[in-house]
Amino acid sequence: AGSVMVSVVPLLLVILVFTSVMSIAAESVAGEKERGTMATLLATPVSRRDIALGKVLAITAIGLLIAASSLLGILAGLPSIMQGAVDVNVYGPADYLLLALVVLSTTLFVVMLVAVVSTLAKSVKEATMLMTPLMIAVMLVGVLGMFGSARAEVGYYLIPLYNSVQCMIGILSFDLQPVNVAACVASNLAVTAVGVLALQRMFDSERLMFAR
């Protein structure tokens, strides 16, 4: 059961979360710049940094719903797809809690990443083009989860996204190292915080926000 879950869940989950958040973020930031509504929004009394944070929070809320529904859908549908070869009941509440923490931190990182790329773009089309190489990289990272076991070295769990896949492998294959999960979540949150600060500074740039 663990080997089947490892070969399917990390790949499907990272792809579903990234592609869903990508379309939302592209429309939320680059789309408003393309339509000219971003200029109106920036002219309001609200500070630009608050607007940037609001964008991130809105995308995050939707991204977390997508991540939760994707995870529940995969876990609910996998036993029937595999014709009973997989029993998700082999995992306990602690396993699902750790998996949820990893998915949460991963979603926050993905939201930050695509929001920054969308801010750099002038249109939805350009944002999609810029995110395509990232999507390919995400797919490759997810494919890595189909081969081998989770790495033991803590250093691998400081690399965003790759650390999430490794944590999922460890949790689903019953080869869990709590320190690695802690390092993964902490690293994702730290990188996300830095990215959000950078995004707020980007919203202060006239050249970026009014480029059309």
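Is Ser 164 buried or exposed? I looked this up first. Ser 164 counts as buried because its relative accessibility is 0%; buried means under 20% relative accessible area, exposed over 50%, and partly exposed in between, with a 1.4 Å probe and protein chains only.

Notes on the model. I am working with a predicted model, in which local features need pLDDT of at least 70, side-chain atom pairs count only at pLDDT 80 or more, and totals for chains, interfaces and linings use all residues. Residues are numbered from 1 along each chain as its sequence is written, and side-chain values use heavy atoms, with hydrogens and water left out.

Entry: Ser 164 and H6. I placed Ser 164 in helix H6, residues 162–172; helices are DSSP runs (H or I, at least four residues) and strands likewise (E, at least two), numbered from the N terminus. I found a polar contact of 3.3 Å between the side chains of Ser 164 and Asn 163. For such a contact I take a pair of N or O atoms within 3.5 Å; within protein, one must be able to donate a hydrogen and the other to accept it, and residues adjacent in sequence count only if both atoms are side-chain atoms. With neighbours within four places in sequence set aside, Ser 164 is in contact (heavy atoms within 4.5 Å) with Val 102, Thr 106, Cys 184 and Asn 188. I then checked the rest of the helix: 11 of the 11 residues of H6 are buried, among them Tyr 162, Gln 166 and Gly 170.

Entry: the ends of H6. Leu 161 is found in the loop between H5 and H6. I noted that its phi is near 75°, a positive value in a residue other than glycine. Leu 161 is buried because its relative accessible area is 11%.

Entry: Not counting residues up to four places away in sequence, Leu 199 touches Ala 52, Val 56, Ala 115, Val 116 and Thr 119.

Entry: the cavity. I searched the whole structure and got one cavity of 30 Å³ or more. On a 1 Å grid over the protein atoms alone, a cavity is a set of points where a 1.4 Å probe fits but cannot get out, and lining residues have an atom within 4 Å of a point. The largest cavity has a volume of about 30 Å³, the volume being the space filled by probe spheres set on the points. Its lining consists of Leu 13, Val 14, Val 17, Val 103, Thr 106, Thr 107 and Met 168. H1 and H4 are the elements that give two or more residues to this lining.

Entry: two alanines. Ala 39, in helix H2, is partly exposed at 32% relative accessible area. Ala 39 and Ser 164 are 37 Å apart, C-alpha to C-alpha, and 125 residues apart in sequence. Ala 26, in helix H1, counts as buried at 3% relative accessibility.

How values were computed
On a 1 Å grid over the protein atoms alone, a cavity is a set of points where a 1.4 Å probe fits but cannot get out, and a pocket is an open set with protein on both sides within 12 Å along at least five of seven lines; lining residues have an atom within 4 Å of a point.
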